[in-house]
Amino acid sequence: QVQVVESGGGLVQAGGSLRLSCTTSGLTFAAYNVAWFRQAPGKEREGVLCISRGGSVTYYTDSVKPRFTTSRDNAKNSAYLQMNSLKPEDTAMYYCAAALGGYLSSCRDSNYNYWGQGTRVTVSS
């Protein structure tokens, strides 16, 4: 059984930092690409950034570059989203997703089929 669980969300002031964790189980994590998505209230879900199984990071949107970065720790079956210089516009539900990928694949090319339940990030002004 595949499980994807996000944690680390919360309320933070503008300009602050937050680190989200994505912990997985039931899959061979090292073989998977991991992506972060977000959805603000009343808006469509958008991709934020992702990391391939080979460790390459790709941004979906320039709006978070270089404030956000993602990393992975295969020994812990986990990925992390480090968010710095947070803005109120970053307020959203943040989701982690995983997809089996090739070693040289771009993580943006994946069709993500394993999703977490999301963790809420609220940035106050």
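Phe68 stands opposite Met83 in β8. This is a predicted model, in which local features need pLDDT of at least 70, side-chain atom pairs count only at pLDDT 80 or more, and totals for chains, interfaces and linings use all residues. Residues are numbered from 1 along each chain as its sequence is written, and side-chain values use heavy atoms, with hydrogens and water left out.

Strands here are DSSP runs of E with at least two residues, numbered from the N terminus. β7 and β8 pair in the antiparallel sense over 6 bridges; pairing requires at least two DSSP bridges between two strands. An open sheet of 4 strands runs in the order β1-β3-β8-β7, with antiparallel pairing.

Buried means under 20% relative accessible area (1.4 Å probe, protein chains only).

Asn33 lies in strand β4. Asn33 counts as buried because its relative accessibility is 0%. Its side chain makes the polar contacts below (pairs of N or O atoms within 3.5 Å, one able to donate a hydrogen and the other to accept it; residues adjacent in sequence count only if both atoms are side-chain atoms).

| Asn33 side chain to | Distance |
|---|---|
| Arg53 backbone nitrogen | 2.8 Å |
| Ser110 side chain | 2.8 Å |

Technical notes
Buried means under 20% relative accessible area, exposed over 50%, partly exposed in between (1.4 Å probe, protein chains only).
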